[in-house]
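Please work through the following exercises with the coordinates at hand. Each task is followed by a solution in steps.

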Amino acid sequence: MKILVCISNVPDTTSKINFTEGDTKFDTNGVQFVINPNDEFGLTRAMWFKEKQGATVHVANVGGAQTEPTIRKALAIGADEAIRINTEPKDGFFVARQLAEVVKNGGYDLVIAGRESIDYNGGMVPGILATLLDMNFVNTCIALEVEGNEATATREIDGGKEKIKTSLPLVIGGQKGLVEESDLRIPNMRGIMMARKKTLNVVEPVDAPSPTEDKKFEKPAAKGPVKLVDAGNVSELVSLLHNEAKVI
Amino acid sequence: MSVLVYTETDKGKFKKNALEVASYASEIATQIGTSVTAISINATDNASLGAYGVEKVLNVSDSKLDTFNAKAYANCIAQAAEAEGAKVIVVSSSADSKFLSGILAAKLNAGYVSNVVAAPESTTPFVVKRTAFSNKGFAHTEVSSEIKIIGLSNNAFGIIENSKTAAVEDFSASVNDSDFGTKSIEVDKVIGKATIADADIVVSAGRGLKGPENWGMVEELADILGAATACSKPVSDLGWRPHGEHVGQTGKPVASNLYIAIGISGAIQHLAGVSSSKTKVVINNDPEAPFFKAADYGIVGDAFEVVPELIEKLKEFKAQNA
């Protein structure tokens, strides 16, 4: 089985978000970049397929040279090879078109992407990719087994989960649950040394439209101070929620 | 040229988010001077959408579509969009709608904007406000494709009555066997309980509760309020509660009217995930907990004393206001 894990280079979850150039750009100043968490769960599941079922695992990223440390981290975790499509990820449609080229040329059986990146949250790349390639698709995937050509996936639905039977070739929109948080791997020294020698192919982008564009950003409005209620006077909270906030 | 809205059902009845997206589609239709057509699948109460500004409902009746299938549903919506010549398609932010939207975008060569929180700022060019950076910011996004798919955030626009008469038509969408490359074999869903996605109130608890055996009072509080239960990331990582309850940046976003956080300190990732909730209440014994800076109301106190007391007071309140 040949697996492609699509990884996005995103600000660490603890990052404070600021904007620059008249609020038209995300301010990367002082921001630590990591593998998108939803993608990392998928990458870790791919490592399981590699170790238990002999799968080959490649990773792909759409981004400029600045994303290479994140790509090398994925190699240090254990991916065999990496591909960087050398262009800025303009929007989800554009990124999916770039990845579709990689999948077509690489003959992958299973493509694992995160359900969304935690920065721009578009949530469309896996669905567009699957449709462009006419591959099966399961989104918000929290469990995945593959036996031969058959796959069983569980997806999160509102208020529960759904088990799905499908087959390869398959695209997954992954998230936590594909593996547990405690299964995530921190690259060790040997992994980091080996990653330096692994192939990182840089390919040029194909022409593709980007139908959406973020023109301006803003931060949420600052919140007023909290209204404290005495622990011995809980009925006051009930009254505030009813009369003031009008939520009960 | 109408605005097309996909109105989701549960056992044939329109979901709350269907009424909200219909209301939103009606606002867009007013802005661009057209009418709203809804596409529904195996719905039984189609005419009821008229109350939210829908003038025409295309209902697909097909037993093959009794269980949600993203590709087949996306195909039905795409065919309805074509039949109507729709240039704007509105969908919700439910798990199902998010599942099918990417497929639909690829089929129609459409720009898709998810997590939209307000009516378009302008329609030429078409600009909408959406959340970004996992609720730590907003983006004003321009959609330049001919067909535009707008995914509305839960509880962002509200349900707005706009009395019209909806003409209901049977719509025979062609459904192909090739759409069923994925087959649902088992659905495990909590019945009769509010879900985090559509609950008006969410009651959430964190590590401050010390162990999974102490969740009884959280569930009781949720029951009284008709609320969904949720938890912080450490609690789901520890296996005290199922992953489906994890709210925050890498879990589910919460956009309820009321969010009650019990024993949750308020890490930046958690606060981002719940920031769209309209009223936030925190109960924590640590007055320095960061959540107090993000909350509207707070009680500094021991959850094991405050929560049972709150349950009692709410019971009294409910009895008086029943």
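**Exercise 1: Helix 1 of chain A**

Just after helix 1 of chain A, A:G54 adopts a positive phi of about 70°. The model is predicted, so local features need pLDDT of at least 70 and side-chain atom pairs count only at pLDDT 80 or more, while totals for chains, interfaces and linings use all residues. Residues are numbered from 1 along each chain as its sequence is written, and chains are lettered from A and ligands numbered from 1 in the order in which they are written.

Task: Determine the span of helix 1 of chain A and which of its residues are buried.

Solution.
1. Helices (H or I, at least four residues) and strands (E, at least two) are DSSP runs, numbered from the N terminus.
2. Helix 1 covers residues 37-53, which is 17 residues.
3. From first to last C-alpha the helix reaches 24 Å, close to the 24 Å expected at 1.5 Å a residue; the expected span is 1.5 Å times one less than the number of residues.
4. A residue is buried if 20 or more other C-beta atoms, placed from the backbone, lie within 10 Å of its own.
5. By this criterion, the buried residues of the helix include A:P37, A:F41, A:L43, A:R45 and A:M47.

**Exercise 2: Chain A against chain B**

Task: Describe the side of chain A that touches chain B, by element and by residue class.

Solution.
1. Two residues are in contact if their C-beta atoms, placed from the backbone, lie within 7 Å. On this basis, 65 residues of chain A are in contact with 73 residues of chain B.
2. Among the elements giving two or more residues to this side are helix 4 (125-133), strand 10 (150-157) and helix 6 (234-244) of chain A.
3. Strand 11 of chain A gives the most, with eight residues.
4. By class, the side divides into 29 nonpolar, 19 polar and 17 charged residues. Ala, Val, Leu, Ile, Met, Phe, Trp, Tyr, Cys and Pro count as nonpolar, Asp, Glu, Lys and Arg as charged, and the others, Gly among them, as polar.
5. Strand 15 of chain A pairs with strand 18 (residues 297-300) of chain B in the parallel sense over three bridges, where pairing requires at least two DSSP bridges. Within strand 18, B:I299 is the bridge partner of A:V229.

**Exercise 3: Domains of chain B**

Task: State how domain 1 and domain 2 of chain B are placed and joined by contacts.

Solution.
1. The division is into domain 1 (3-180) and domain 2 (201-321), with bounds from an automatic or database domain assignment.
2. Their centres, taken over C-alpha atoms, are 32 Å apart.
3. Eight residues of domain 1 are in contact with eight residues of domain 2.
4. The domain 1 side comprises one nonpolar, six polar and one charged residues.

Methods:
Buried ≥ 20, exposed ≤ 12 C-beta atoms within 10 Å, placed from the backbone.
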